[in-house]
Amino acid sequence: MATAQLSRSIRIHKASKETIFPSQITNEHESLIMVKKLFATSISCITYLRGLFPESSYGERHLDDLTLKILREDKKCPGSLHIIKWIQGCFDALEKRYLHMAVLTLYTNPKEPEKVTEIYQFKFKYTKEGATMDFDSSSTSFESGTNSDDIKKASVLLIRKLYILMQNLGPLPNDVILTMKLHYYNAVTPHDYQPPGFKEGVNSHFLLFEGEPVNLQVGLVSTGFHSMKVKVTTEATRVSDLENNLFQESSTTEIAHQGLDCDEEEEECDNHMQRMNFMHSQQSPESSRKKRKVSEPVKVFIPNRK
């Protein structure tokens, strides 16, 4: 997707009051626009509230009573172009229906990228079976048809929860490094496919945290054509003041897929493997699992936060 097209998708003019999401979703094209904007909004929220870019790298968009900061091209901050290019690459894979997961990872040691500080998972599905909303919360769970109002409510709730989470996470280290790995649906993705800004990546066997990790369920929005599920994992001590019943499940269990969420062949196991258990010393054999095609950025991003 050209830069101008990306700008139309996620770039916001400060005085704009128009809705950030489509007013209705009646076909796959409108659904794709919705999912792209929801993904870009979520990434923008994370980078803004984690203090990765200056104010000049964001425009404003309004969603109900929320004022959202959305990434835009900022020539004074070349780093913002890194993330926008990653979003571009995700858009390309979404358009082709290849993308299974986009995983934004923060770590501190360039020689040990498997030792992570925060992980943000965005899992995508492509379906025409009707919309469902599952907020991964004991207090909020319902299903509906492709009702635009319900889809908007689900999206607003996801963004609200993401904002609450970002505002309650402990501060990042100064020397943080960002990368994003893309996991694909192997059955439909060409072996040599790489989206703009990405190259062939290493399918990591495990990810490590210094402390005990906790998996935080942010939400799931489904339009009847696409769905996007968002999860965040970090050390439990960094979110000790967060309302547990809003995000967290009760305990950690085994990692489902390469240290990440279940893949599409394992969905029937989802109720038993909802959580992550990031192993500290050893990893169970992986021979029984299919290796998924993975891409990683041509260049990682190191923000100047000192």
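Phe39, at 0% relative accessibility, counts as buried (under 20% relative accessible area, with exposed meaning over 50% and partly exposed in between, for a 1.4 Å probe and protein chains only). The model is predicted, so that local features need pLDDT of at least 70 and side-chain atom pairs count only at pLDDT 80 or more, whereas totals for chains, interfaces and linings use all residues. Residues are numbered from 1 along each chain as its sequence is written, and side-chain values use heavy atoms, with hydrogens and water left out.

**View 1. The chain as a whole.** The chain has five helices and 11 strands, taken as DSSP runs numbered from the N terminus (H or I of at least four residues for helices, E of at least two for strands). Of its 306 residues, 56% are buried. Among contacts between residues at least 6 apart in sequence, 74% join residues at least 24 apart, where contact means heavy atoms within 4.5 Å.

**View 2. Helix α2 against helix α3.** The axes of α2 (residues 28–49) and α3 (residues 78–95) come within 11 Å and cross at roughly 155°; axes are lines fitted to C-alpha atoms, for helices over the stretch in contact, and angles run from 0 to 180 degrees between N-to-C directions. From α2, the contact is made by Leu32, Val35, Lys36, Phe39, Ala40, Ile43 and Thr47, and from α3 by Ile83, Ile87, Cys90, Phe91, Leu94 and Glu95. By class, this contact has 10 nonpolar, one polar and two charged residues (Ala, Val, Leu, Ile, Met, Phe, Trp, Tyr, Cys and Pro count as nonpolar, Asp, Glu, Lys and Arg as charged, and the others, Gly among them, as polar).

**View 3. Helix α2 against helix α4.** α2 and α4 (residues 148–168) pack at an angle of about 15°, with their axes 9 Å apart. That makes α2 roughly parallel to α4. Met34, Leu38, Thr41, Ser42, Cys45, Ile46 and Leu49 of α2 meet Ile151, Ser155, Leu158, Ile159, Leu162, Tyr163, Met166 and Gln167 of α4. By class, the contact has 11 nonpolar and four polar residues, and no charged residues.

**View 4. Aromatic rings.** The structure holds eight aromatic pairs, in which ring centres of Phe, Tyr and Trp (its six-membered ring) lie within 6.5 Å and planes under 30 degrees apart count as stacked, over 60 as edge-to-face and the rest as tilted. One of them is the edge-to-face pair of Phe39 and Phe122, 5.1 Å centre to centre with 90° between the planes. Phe39 lies in helix α2 and Phe122 in strand β4 (residues 116–126), so the pair ties together parts that are 83 residues apart in sequence. Phe122, at 0% relative accessibility, also counts as buried.

The rings of Phe53 and Phe301 are stacked, because their centres are 5.2 Å apart and their planes at 25°. Phe53 lies in the loop between α2 and β1 (58–63) and Phe301 in the segment after β11 (294–297), so this pair ties together parts 248 residues apart in sequence. Both Phe53 and Phe301 are buried, and ring pairs link Tyr48, Phe53, Tyr58 and Phe301 into a cluster.

Conventions:
Parallel < 35°, antiparallel > 145°, perpendicular 65-115°, else oblique.
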